[in-house]
Amino acid sequence: MRFLLVALCLIFALQVPAQARSAAEGVWLFDNAPSYPGVTMLEVANDAGAISGSVTTEWYGPMTFENGRVEGDTLTFDLRNINDNAHPIRRWTAQFTPSGVKLTGDIWYAHVEQNGRRGGVKDAEARAFRFAPDLPPLGTIAPDKLAATPPMGWSSWNKFGDKIDDTTVRAMADTLVATGLRDAGYLYVNIDDGWQGKRDANGVLQPNAKFPDMKALTDYVHSKGLKIGIYTSQGPRTCAGYEGSYGHIQRDAQTFADWGFDYLKHDLCSGEWFYNDADKVKRSYYEMGLALKATGRSMLYSLCQYGRFNVSEWGRSVGGHLWRTTGDITDDYKTMSDIGFERNPKFGHAGPGGWNDPDMLEVGNGGMSEDEYITHLTLWAIQAAPLIMGHDLRQTSENALRLLTNRDVIAIDQDAKGVQGRAVREDGKLEIWRKELADGSVALALFNRGEAPAPMAPTAADANLARLTEARDLWRGAAVAVEELHFVVPAHGAVMLRVKGDSI
Ligand code: GLA
């Protein structure tokens, strides 16, 4: 009896590794993958006990794994994680059963749990990822005359997400005209993520059914005296999971030009797996910059990679006219003020032709108070940020319209000198910011980041002037005597001034 038990144990012990090896090795197919990250295949090889392989996804192609280990019927391995510096590596598990495999792991914000079936070499070939051609060596794109002042307009993303369509875009163009927003300077109507369909047999990207005729749409927007923008990513998938431009950069740039677009936002989404260091990210933006130039059409080029790798230092040289400095804005004071006070000011190099982009406006969406929206616009204007609205223009309240069309504030943003204003005096929650203007006058912004109204009094020194001679309160639309520059600034509010004086 005892002998039998020992013999059984031995047989079992010997068999497990052999069974485990054969169970894990090979090709595993996943059908109906959830859209992110869209696992389609697991490939496992065993070279004399060294386990290697990859998880193929729709977003990132084959993600090669490390430290593969088979124990019993379970394979574990490490995958490079994405967009989460705190957890650069994640441990995944594949559990094999007689009927297939269960794959479990985490990547970025998603938990993956997918059941797969065994496949063969032919399946692996059919599902193999097609890598894009090598990126071009980095070069410099000469400046053009575009974006002499920060771009202004509207984008679909903040309000509509990917639920955007031709009818809504036309309605936004109509409303820009009807409300006077166009005449206040808001010129670009930008379609963000969610317009894409599939590629045709020639690889030409088609819009989805919500955009029946892109050329007719751009013609319509142009007929209103406006310009129109579009969006893509350099990865296989855009952030909302639509078809990206990976492997099709030149073709897509040409398609956008042929359709008549005037502006492209190029989002690193899913490309950050492939282009994960400064050199590759720069070259991938340069590649699209070259492709846009090669079309011969004048298009603004907006880089969207959340400020990584000091983008403001090289955004212009890859052809960019604006570059995001932050993650996505949301319609709340905390996010807006973190971006406006803390994050965007860290980036330099803004000026005619190239602008730091702290993301689109939330004014009109209703998540902040009037004072907070005044702070939002004041911060954006004093930093010469692009003013791209992000609400449903048809529902612009009178108050929001008054803020958005304030010509004096817009003039600060659009000033020809192109200086990005900055904090010059900080006292706890109270900050005074300055922006030098082309005509020698100076914009000052008084911000109260605190929770109670606070008295604030700017001085000539704040404006870097010897003596103030004139002042205008831009939100009130009234001149103020220079002896009376005492304000009670509301909690989370701002006062914006344009002052003149004698130079030092
Ligand atoms: C990213 C960008 C956003 C928006 C979405 C679209 O999150 O930062 O501005 O374009 O993608 O999916």
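Mentor: Happy to, and bear in mind that this is a predicted model. The S-S bond of Cys239 and Cys269 has a torsion of about 105°, so that disulfide is right-handed.

Trainee: Where do Cys239 and Cys269 sit in the chain?
Mentor: They link distant parts of the chain, 30 residues apart. Cys239 is in the loop between β14 (227-233) and α7 (249-259), while Cys269 is in the loop between β15 (263-267) and α8 (271-274).

Trainee: How many disulfides turn up in the whole structure?
Mentor: The search finds 1. Its S to S distance, Cys239 to Cys269, is 1.7 Å.

Trainee: Is Cys269 buried or exposed?
Mentor: Cys269 is buried, as its relative accessible area is 2% and the cut-off for buried is under 20%. Cys239 is partly exposed, at 33%.

Trainee: And what about Cys304?
Mentor: Cys304 is in no disulfide; the nearest cysteine sulfur belongs to Cys239, 6.6 Å away. Cys304 is buried too, with a relative accessible area of 1%.

Trainee: Switching to the backbone, which residues does the cis peptide bond join?
Mentor: Tyr36 and Pro37, with omega about -10°. Pro37 lies in the loop between β1 (26-29) and β2 (39-47).

Trainee: What is the phi of Ser270?
Mentor: Positive, about 65°, although Ser270 is not a glycine. Ser270 lies in the loop between β15 and α8, and it is buried at 1% relative accessible area.

Trainee: Then where is Asn83?
Mentor: Asn83 is in the loop between β6 (74-80) and β7 (89-97). Its phi is also positive, about 60°, and Asn83 is partly exposed, at 24%.

Terms used:
Residues numbered from 1 in each chain as written. Predicted model: local features only at pLDDT ≥ 70, side-chain atom pairs only at ≥ 80, totals over all residues. Heavy atoms only, no water. Disulfide = S-S within 2.5 Å. Helix = DSSP H or I, 4+ residues; strand = E, 2+ residues; numbered from the N terminus. Buried < 20%, exposed > 50% of the residue type's maximum accessible area, 1.4 Å probe, protein only.
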